[in-house]
Amino acid sequence: MRTNYLFTSESVSEGHPDKVSDQISDAIVDLFLSKDPEARIACETLTTTQLVVLAGEIRCKGVYEDGAWAPGAQEEIEATVRRTVKEIGYEQEGFHWETFRFENNLHGQSAHIAQGVDASGNKDEGAGDQGIMFGYATDETPDLMPATLYYSHKILERMAADRHSGAAPFLEPDAKSQVTLRYEGSLPVAAKAVVVSTQHAAGYDKGDKEAELHAYVRKVVAEVIPPVLLRDTVYHINPTGSFEIGGPDGDAGLTGRKIIVDTYGGAAPHGGGAFSGKDPTKVDRSAAYITRYLAKNIVAAGLATRCTIQLAYAIGVSEPLSLYVDTHETGTVGDDKIEAAIMNIEKLGGLTPRGIRTHLGLNKPIYRKTAAYGHFGRKPEGDFFPWERTDLVNDLKAALA
């Protein structure tokens with residue numbers, strides 16, 4: 001196993017056009033789940049210059065039934081979309097929360113999909129689609145996330161907080177970051193390069209104002225990345241020179257195009273399915289959450305320092321087709337023993353879609369917060385980010401005893 005290498009991950013801000021789309025889609029998921037915890041949602045969003053388009057399939061009691069919208073439902077959807085864009089901070093000529101054109105092309109869920117997913121008779125609820133899902137954890141950071149992605153997210157989170165508070169009024173919503181770390185002995189020892197591109201107010205691409213922006217970014221990086229890692233670091237700050245036109249006006253955005261940013265920054269496999277815009281019967285989302293939960297608890301329990309988990313499902317079938325655990329030769333017990341232990345923990349419900357949703361409490365409006373700065377490595381608070389809890393540690397240890 002290679003232990004000395006360079007590795008890079010990137011992040012994008014809440015104002016990146018794809019992330020605007022993700023947040024709108026998840027705001028719609030939250031809206032429908034707040035009306036009906038058993039709602040079915042598959043909402044895709046397109047954003048471009050002064051335009052937002054919704055498309056997809058839904059089923060929601062009291063909102064969309066028998067092929068018709070309830071009175072006021074479409075107006076509430078549009079208000080939710082505009083509020084989401086306003087909260088991100090877009091009040092620009094090319095994309096303004098109050099004046100963009102809006103299209104709602106959501107329609108009823110396919111009856112053929114519904115009959116496979118819904119529980120009926122002695123048939124348990126089936127998976128909302130076929131596919132493979134991965135979870136990962138590593139002891140590189142306190143949140144058990146890859147350090148390259150962890151720092152990339154934190155840089156942009158800090159910049160967004162400063163933009164919203166007014167501490168950095170020259171920042172606009174769209175931004176990207178990228179961190180390259182040198183690893184020795186599989187642990188990060190130095191930041192080789194940091195890239196930050198941020199949309200900015202007019203004039204911050206030359207002279208003293210450009211120097212102010214560059215100094216600000218370097219200060220944020222120094223506050224986020226430990227000083228011991230910032231040795232001979234190369235900085236690339238707005239390397240194209242100017243970044244005034246951004247967001248959906250600069251590049252069209254689509255739901256689900258930042259799946260590596262959403263997960264592990266390339267440090268772990270990805271099954272290909274996106275998260276945002278999907279209710280938790282879709283195992284693209286819920287199974288990816290439970291695999292992160294399992295991997296994190298395995299590392300938190302001291303059973304490994306790195307762990308990758310895969311689950312596989314068939315549409316309409318409740319039981320997973322396979323469970324695979326890989327501790328990358330860092331495990332204190334055999335990977336096959338961990339697999340058996342997981343399947344013997346009753347509270348996990350056999351890792352069926354219903355079992356996952358029940359254990360993690362996923363049928364709640366908790367998803368808008370996931371749609372920027374990663375679905376993993378976040379702080380579990382109340383109903384939010386339950387897959388980040390480490391409350392399975394004792395169960396794993398007992399099952400392996």
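Analyst: A residue counts as exposed when its relative accessible area is over 50%, as buried when that area is under 20%, and as partly exposed in between. Please note that the structure above is a predicted model.

User: Is Asp232 buried or exposed, then?

Analyst: Asp232 has a relative accessible area of 76%, which is over the 50% cut-off, and so Asp232 is exposed. Asp232 is located in the loop between helix 5 and strand 12.

User: What is the phi of Asp232?

Analyst: The phi of Asp232 is positive, at about 55°, although Asp232 is not a glycine. Leu351 is another non-glycine residue with a positive phi, in this case near 60°.

User: Where does Leu351 lie, and is Leu351 buried or exposed?

Analyst: Leu351 sits in the loop between helix 9 (335–343) and helix 10. Its relative accessibility is 0%, so Leu351 counts as buried.

User: Which helix holds Gly355, and what does Gly355 touch?

Analyst: Gly355 is part of helix 10, which covers residues 353–360. Neighbours within four places in sequence set aside, Gly355 is in contact with Leu348 and Gly349. Because its relative accessibility is 11%, Gly355 counts as buried.

User: How far apart are Gly355 and Glu125?

Analyst: Gly355 and Glu125 are separated by 230 residues in sequence, while their C-alpha atoms are 9.7 Å apart in space.

User: Back to helix 10. At what angle do helix 8 and helix 10 cross?

Analyst: Helix 8 (residues 283–300) and helix 10 cross at roughly 60°, and their axes come within 10 Å. That angle makes helix 8 oblique to helix 10. The crossing of these two helices is left-handed.

User: Which residues of helix 8 and helix 10 meet?

Analyst: From helix 8, the residues are Val283, Ser286, Ala287, Tyr289, Ile290 and Tyr293, and they meet Pro353, Ile356, His359 and Leu360 of helix 10. By class, this contact of helix 8 with helix 10 has 8 nonpolar, 2 polar and no charged residues.

User: New topic. How do helix 1 and helix 2 pack?

Analyst: Helix 1 (residues 17–35) packs with helix 2 (residues 73–88) at an angle of about 135°, and the two axes are 9 Å apart. Helix 1 and helix 2 are therefore oblique to each other. Their crossing is right-handed. On the side of helix 1, the contact is made by Val20, Gln23, Ile24, Ala27, Ile28, Leu31, Phe32 and Lys35; helix 2 contributes Glu76, Ile77, Thr80, Val81, Thr84, Val85 and Ile88. The residues of this contact comprise 10 nonpolar, 3 polar and 2 charged.

User: What about helix 4 and helix 5, at what angle do they cross?

Analyst: Helix 4 and helix 5 cross at roughly 125°, with their axes coming within 9 Å of each other. Helix 4 is thus oblique to helix 5. The crossing of helix 4 and helix 5 is right-handed.

User: Which residues of helix 4 and helix 5 meet?

Analyst: Helix 4 supplies Tyr151, Lys154, Ile155, Arg158, Met159 and Asp162, which meet Tyr216, Val217, Val220, Val221, Glu223 and Val224 of helix 5. In this contact of helix 4 with helix 5 there are 8 nonpolar, no polar and 4 charged residues.

User: On to the rings. How many aromatic pairs are there?

Analyst: The count is 14 aromatic pairs. One of them joins Tyr150 and Tyr151 in an edge-to-face arrangement, with 5.4 Å centre to centre and 75° between the planes. Tyr150 and Tyr151 are both buried. Phe170 and Tyr216 also form an edge-to-face pair, at 5.4 Å centre to centre and 80° between the planes.

User: Where in the chain are Phe170 and Tyr216?

Analyst: Phe170 is in the loop between helix 4 (147–165) and strand 10 (171–184), and Tyr216 is in helix 5 (residues 207–224). The pair links distant parts of the chain, 46 residues apart. Phe170 and Tyr216 are both buried.

User: Which residues do ring pairs link into a cluster?

Analyst: The cluster consists of Tyr136, Tyr264, Phe275, Tyr289, Phe376, Phe385 and Trp387.

User: One last residue. Where is Asn238, and what is Asn238 in contact with?

Analyst: Asn238 is in the loop between strand 12 (234–237) and helix 6 (247–250). Apart from neighbours within four places in sequence, Asn238 is in contact with Val196, Ser197, Thr198, His200, Leu213 and Phe243. Asn238 counts as buried because its relative accessibility is 7%.

Conventions. Residues are numbered from 1 along each chain as its sequence is written. This is a predicted model: local features need pLDDT of at least 70, side-chain atom pairs count only at pLDDT 80 or more; totals for chains, interfaces and linings use all residues. Side-chain values use heavy atoms; hydrogens and water are left out. Axes are lines fitted to C-alpha atoms, for helices over the stretch in contact, and angles run from 0 to 180 degrees between N-to-C directions. Helices (H or I, at least four residues) and strands (E, at least two) are DSSP runs, numbered from the N terminus. Angles under 35 degrees count as roughly parallel, over 145 as roughly antiparallel, 65 to 115 as roughly perpendicular and the rest as oblique. A crossing is left-handed if the near helix is turned anticlockwise from the far one by less than a right angle, and right-handed if clockwise. Contact means heavy atoms within 4.5 Å. Ala, Val, Leu, Ile, Met, Phe, Trp, Tyr, Cys and Pro count as nonpolar, Asp, Glu, Lys and Arg as charged, and the others, Gly among them, as polar. Rings of Phe, Tyr and Trp (its six-membered ring) pair if their centres lie within 6.5 Å; planes under 30 degrees apart count as stacked, over 60 as edge-to-face and the rest as tilted. Buried means under 20% relative accessible area, exposed over 50%, partly exposed in between (1.4 Å probe, protein chains only).
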